[in-house]
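Work through the exercises below with the sequence and the coordinates at hand. Each task is followed by a solution in steps.

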Amino acid sequence: MSDDVKWTKTISDVNDGILVTLEKPHPLFWVAWLIAIACVALGVSAWVYEITVGMGVTGLNSPVYWGTLITNFVFWVGIGHAGTLISAILFLFRAKWRNTVNRSAEAMTVFAVITAALFPLIHAGRVWFAAYWLLPLPNTNNLWVNFRSPLVWDVFAITTYLTISLLFWYMGLVPDLASIRDRVKGFRRLVYGILSFGWRGTARQWHNYEAGYGFLAALATPLVLSVHSVVSWDFAMSIQPGWHTTIFPPYFVAGAILSGCAMVYTLLIPIRKMFRLEPFITPQHLEACIKLTLLTSTIVAYAYGIEFFIAWYSGNEYEWAIFQKRAAGPYAFYFWTMVFCNCVFPLIWWSKRMRNNVAVSMVVAVLINVGMWFERYNIIISSLAEDFIPGSWGHYQSSPVEMALTVGSFGWFFFWFLIFCKFFPIISMSELKLIMPKPLSPKKSKGG
Amino acid sequence: MKKRPGGILAVYKYLDHLTDAMEKIRDRADFQGHEVFSPTSYHEIEHAGHFGASNVRWFTLIGAMTGTISGFALPLLMDYDWPLTVGGKQGGILSLPAYVIIGFELTILLGGLATIIGMLVTCKIPNPNQRVLDPRFTDDRFGIFVPGVQENSEQARLLRECGAEELRTIS
């Protein structure tokens, strides 16, 4: 795709066009927000119930001690991937289409990781003890945490990812918040003035800002690739059949980018409508996002294939048994949902007409999200339920409490995301100006 | 509070006019302390300003190095304080590969935090005493502010010649 989007607008239209969002949004916005609040209420009640009654209200029991809650954790961390990928990696590659979607993708990352971080706590049951086994604090026996445990690595990885994503996102917002400050009056001016740190937009400020932004992008790039690798080691470092494979890190990273890009698309379509951003988020930008999703879908399909092949080729009977059971055992429904949603349905995007068909693409993007959720569910449950000794086999069924917590997590994510859309510019105005025609004098633009 | 200096403010509509003006006034002593404003980070402005490499890089480097060192020191020191033998494996220097992850994460974390601090320090923000000379500078106009000169001065004439669409006195 060509990066040179033909803009009919000039940089003077950017602030006016985008800050409409601060005024009256589409009525759909309020409907969506109320639904999100209802889902959060459901999730909170389920959590309170779980804490009061105990972990028995979940479907977790021997031998399956990781279930829907950990699935949600991995799913939301995965969703959080695309934001920093789009912001940092595409920034370093100078892919210009990112400038219209990076802000919403970054916001998505921040809120998805915050959502993900809730799940280890919910899963722990007695959440008030979490500080001792998560953080390097000496406990009553004066022992430290075990730094050779992938779970401790994960705490460091997720905390770092959340912090860096949050800072990256906020630094990007500062010049835009200053733009809002310079447009509004009274109390709002004071609030946006404080939030924008007194940014003035001097050439020196821009110079240092750009340098810092570049360094942050360079630091965030390996971080994007590392964070889901570390999440995958939560599984791969064990000896559980179906988990103990070296393909896990790249496989998880590709899956995370797939789900993240699909979620970016799922969010962009309604936002574009609610806040009337069609002139800025053009069909070319949406198509570029779809192409990235399609690419990662093929990587994921390849990973599924290789995983199966190696399970057979390794000659390890436990490994091979798990894979046969995944495809034809009690959890086969989840497996085939995952395969169809992640590998088969996206194939429709090889057709340009389908890529540009918003309704079809939206359905496929939502299906990918469903498929990626089931991928994690499939990996976690099937490996734990039936491992080496038939005597220890069991079965797992997600309980209504776990399902309510899952619905609550979606509500929680959308609740914050919609608040963000209402009060902050969804498109990075200062970066959008960079991909529009430069404001050159008539003489200069003719001459050159 | 120290009184902020008055001067003249030239507003430009076009980027090339601004960079022309910047080139001309860059090294002149009678434009000492001038400031250039832009709605976004055009590279043309950076080139015209001859700013050199930003000092943010030192913050990033020192932050990242501190992160690497502390990322390895933290698990090692805790290991030596109270060795945890898990799965028959000893802690300490023998378990170093596992600590690469902590070292990596803290490199990124402290490197990133230091970069942000570096940006704030070099951009001189947060700044509660900032004054907005013209609200259009965060929208679609460029500007040059020269402190301590009058509207009828030689400096003002030069700025106007370069294509300023507006010139006014800031008290």
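**Exercise 1: a loop residue in chain A**

Glu386(A) has 24 other C-beta atoms within 10 Å and is buried. The model is a predicted one.

Task: state where Glu386(A) lies and which residues Glu386(A) touches, not counting residues up to four places away in sequence.

Solution. 
- Step 1. Apply the cut-off: a residue is buried if 20 or more other C-beta atoms lie within 10 Å of its own. With 24 such atoms, Glu386(A) is buried.
- Step 2. Glu386(A) belongs to the loop that runs between helix 15 (358-385) and helix 16 (400-423) of chain A.
- Step 3. List the contacts. Leaving out residues up to four places away in sequence, Glu386(A) touches Lys325(A) and Trp393(A).
- Step 4. Take the distance to Val358(A), 28 residues apart from Glu386(A) along the chain: the two C-alpha atoms are separated by 42 Å.

**Exercise 2: a helix in chain A**

Solution. 
- Step 1. Look at what follows helix 5 of chain A: Gly125(A), with a positive phi near 80 degrees.

**Exercise 3: the overall form of chain B**

Task: give the order of elements in chain B and explain why chain B is more spread out than a compact globule.

Solution. 
- Step 1. Chain B holds 5 helices and 4 strands, in the order β-α-β-α-α-α-β-α-β from the N terminus.
- Step 2. The globule rule gives 16 Å for 171 residues, and the radius of gyration of chain B is 25 Å, well over that value, so chain B is more spread out than a compact globule.
- Step 3. Along the principal axes, the C-alpha atoms of chain B fill a box of roughly 85 × 35 × 30 Å.
- Step 4. Chain B is divided into domain 1 (7-39 + 140-170) and domain 2 (56-122), and the C-alpha centres of these two domains lie 48 Å apart.
- Step 5. Of the residues of chain B, 43% count as buried.

**Exercise 4: strand pairing in chain B**

Task: which strands pair with strand 1 of chain B, and in what sense?

Solution. 
- Step 1. Strand 1 (residues 7-12) of chain B is mostly covered, with 6 of its 6 residues buried.
- Step 2. Strand 3 (residues 142-147) of chain B pairs with strand 1 in the antiparallel sense over 6 bridges. Here Ala10(B) stands opposite Ile144(B).
- Step 3. Strand 4 (residues 166-170) of chain B also pairs with strand 1 in the antiparallel sense, over 5 bridges. Here Leu9(B) stands opposite Arg168(B).

**Exercise 5: the contact between the chains**

Task: how many residues does each chain bring to the contact, and which helix of chain B gives the most?

Solution. 
- Step 1. Chain B brings 57 residues and chain A brings 53.
- Step 2. Elements of chain B that each supply at least two residues include helix 1 (15-25), strand 2 (35-37) and helix 3 (56-81).
- Step 3. Helix 4 of chain B gives the most to this side, with 15 residues.
- Step 4. By class, the side of chain B that touches chain A has 30 nonpolar, 17 polar and 10 charged residues.

Terms used. Residues are numbered from 1 along each chain as its sequence is written. Chains are lettered from A and ligands numbered from 1 in the order in which they are written. This is a predicted model: local features need pLDDT of at least 70, side-chain atom pairs count only at pLDDT 80 or more; totals for chains, interfaces and linings use all residues. The radius of gyration is taken over C-alpha atoms; the globule rule is 2.2 Å times the number of residues to the power 0.38. A residue is buried if 20 or more other C-beta atoms lie within 10 Å of its own, exposed if 12 or fewer, and partly exposed in between; C-beta atoms are placed from the backbone. Two residues are in contact if their C-beta atoms, placed from the backbone, lie within 7 Å. Ala, Val, Leu, Ile, Met, Phe, Trp, Tyr, Cys and Pro count as nonpolar, Asp, Glu, Lys and Arg as charged, and the others, Gly among them, as polar. Domain bounds come from an automatic or database domain assignment. Two strands pair if DSSP finds at least two bridges between them.
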